[in-house]
Amino acid sequence: MGAVNRGKVTMSDVARLAGVSPMTVSNVVNDRVPVSDRARERVLAAIRESGYQVNAAARHLRSGRSGVIGLAVPQIGNAYFGMLAELVIEEARGHGYHVAIEQTGALATGEAAAIDQSRRLQFDGLILSAVEIESLVPDNGNPIVLLGQQDLAGRFDHVTVPNEAGTAAATEHLIDQGCQRIAVVTGGDLHRLTMFTRRYNGYRSALENRGIKPDPQLRFTVDALTREGARATGHRIADADLGIDGVVAFNDTTAMGVMRGLQDRGVSVPGDMRVIGFDDVPESAVYIPSLSTVSPDHRWKAAKAVELVVARIADPDTPPREFTAPFTVIRRESTS
């Protein structure tokens, strides 16, 4: 894409940068008529690059909407959700929307409160990273897009990450590095379908597909879903004396805590044990040792969630759709 003058960026500047007509740019920012995915992506990329500001106030005044989308996440201070919020805000800006952020505490009551808040404040739509709500009834008057691992049976627009496939790929990576006694660090109970269950299933399937029998002794549960809780789990792994040579952690924060716990016990990573996480939060690249991880395409996920909620605002009767983000395995020092 070419350069533009960043003084006063116009719709024509965006069109020239994206290589499309000004009418196509107008159709994207106003969600008037269908635009091909390729053209839409080029326009949104040009908006981000140029700093073009949609005249959201005028547009929403004409439509009778607030111009605000809610984003409800379990923990604002969690590195993953902080990164997600930043990307959603950036993508929403390209559609002419502001984002209001709520924290649910990963509780059903908090998630229900976020939905109620979005209605009371007359948000145009809500993107909800749901952990506990499973019986939510669709409300066409309140467009909702869910992020998370629930089995929603096609009741909502839903954007998720490749939990089973990603964790299976992480486990296979450790096997390819020569690991045979691979522990898994998870959280919560595994008796209902959650992120923990899905990622644990991916770990088990990878072992079985490679002819390795899963050993129940190699499953470790984090008592507290914090860095310090994971550090204590690292201590238990080091003290277990089970010949463990690899660790798959259910997310990066846990993996980094486990590595610190192993180091407390004099266990070298990757010399004695190799460790891999999931999420590819920014800190994982600069941690010592840098953390190998499953990296879902976070920008794709944020863009898809915003695209879905904007489409549902425009047409509440659109059939619900479900998407899974693509991913790669990032190989860094912790498994080298």
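**Helix 11**

I started at Lys304, which sits in helix 11; I take helices (H or I, at least four residues) and strands (E, at least two) as DSSP runs, numbered from the N terminus. I am working on a predicted model, where local features need pLDDT of at least 70, side-chain atom pairs count only at pLDDT 80 or more, and totals for chains, interfaces and linings use all residues. Residues are numbered from 1 along each chain as its sequence is written, and side-chain values use heavy atoms, with hydrogens and water left out.

Is Lys304 buried or exposed? I find Lys304 buried, at a relative accessible area of 11% (buried is under 20%, exposed over 50%, partly exposed in between, with a 1.4 Å probe and protein chains only). Setting aside neighbours within four places in sequence, I see Lys304 in contact with Val159 and Phe323, where contact means heavy atoms within 4.5 Å. I also looked up the C-alpha atoms of Lys304 and Glu322: they are 9.9 Å apart, for residues 18 apart along the chain.

Then I went to His298, also a residue of helix 11, which runs over residues 298-314. His298 has a relative accessible area of 10%, so I log it as buried. Which residues is His298 in contact with, leaving aside its neighbours within four places in sequence? I get Tyr80, Met83, Leu87, Asp279 and Asp280. I note that helix 5 covers residues 79-94, and strand 9 covers 274-278.

**Whole chain**

I stepped back for the totals. I count 11 helices and 12 strands in the chain. Of the 336 residues, 51% are buried. I get about 14,900 Å² of accessible surface for the chain, 50% of it on carbon and sulfur atoms (Shrake-Rupley method, 1.4 Å probe; for residues, only the protein chains shown count as cover). Of the contacts between residues at least 6 apart in sequence, 69% join residues at least 24 apart.

**Around helix 3**

Next I looked at helix packing. Two packed helices are described by the angle between their axes and the distance between the axes. My axes are lines fitted to C-alpha atoms, for helices over the stretch in contact, and angles run from 0 to 180 degrees between N-to-C directions.

Helix 1 (residues 11-18) packs on helix 3 (residues 37-50) at about 120 degrees, with axes 9 Å apart. That makes helix 1 oblique to helix 3; under 35 degrees counts as roughly parallel, over 145 as roughly antiparallel, 65 to 115 as roughly perpendicular and the rest as oblique. I log the crossing of helix 1 and helix 3 as right-handed (the near helix is turned from the far one by less than a right angle, clockwise for right-handed and anticlockwise for left-handed). On the helix 1 side I see Val14, Leu17 and Ala18, meeting Arg42, Val43, Ala46, Ile47, Glu49 and Ser50 of helix 3. I sort the residues of this contact into 6 nonpolar, 1 polar and 2 charged (Ala, Val, Leu, Ile, Met, Phe, Trp, Tyr, Cys and Pro are nonpolar, Asp, Glu, Lys and Arg charged, and the others, Gly among them, polar).

How does helix 2 lie against helix 3? Helix 2 (residues 22-30) packs on helix 3 at about 85 degrees, with axes 10 Å apart. The pair is therefore roughly perpendicular. I find Thr24, Val25, Val28 and Val29 of helix 2 against Ala39, Arg40, Val43, Leu44 and Ile47 of helix 3. By class, this contact has 7 nonpolar, 1 polar and 1 charged residues.

Helix 5 meets helix 3 too: their axes come within 9 Å and cross at roughly 105 degrees. I call helix 3 and helix 5 roughly perpendicular to each other. The residues here are Leu44, Ile47 and Arg48 of helix 3 with Glu90, Glu91 and Gly94 of helix 5. I class these as 2 nonpolar, 1 polar and 3 charged.

Last, I checked the loops. The peptide bond joining Val269 and Pro270 is cis, with omega about 10 degrees; Pro270 is in the loop between helix 10 (252-264) and strand 9. Ile288 to Pro289 is also a cis bond, with omega near -5 degrees, and I place Pro289 in the loop between strand 9 and strand 10 (292-296).

Ala106, not a glycine, has a positive phi near 60 degrees. I find Ala106 in the loop between strand 2 (98-103) and helix 6 (108-120), partly exposed at 26% relative accessibility. Gln122 has a positive phi of about 60 degrees without being a glycine. I find Gln122 in the loop between helix 6 and strand 3 (125-129), and at 59% relative accessibility I log Gln122 as exposed.
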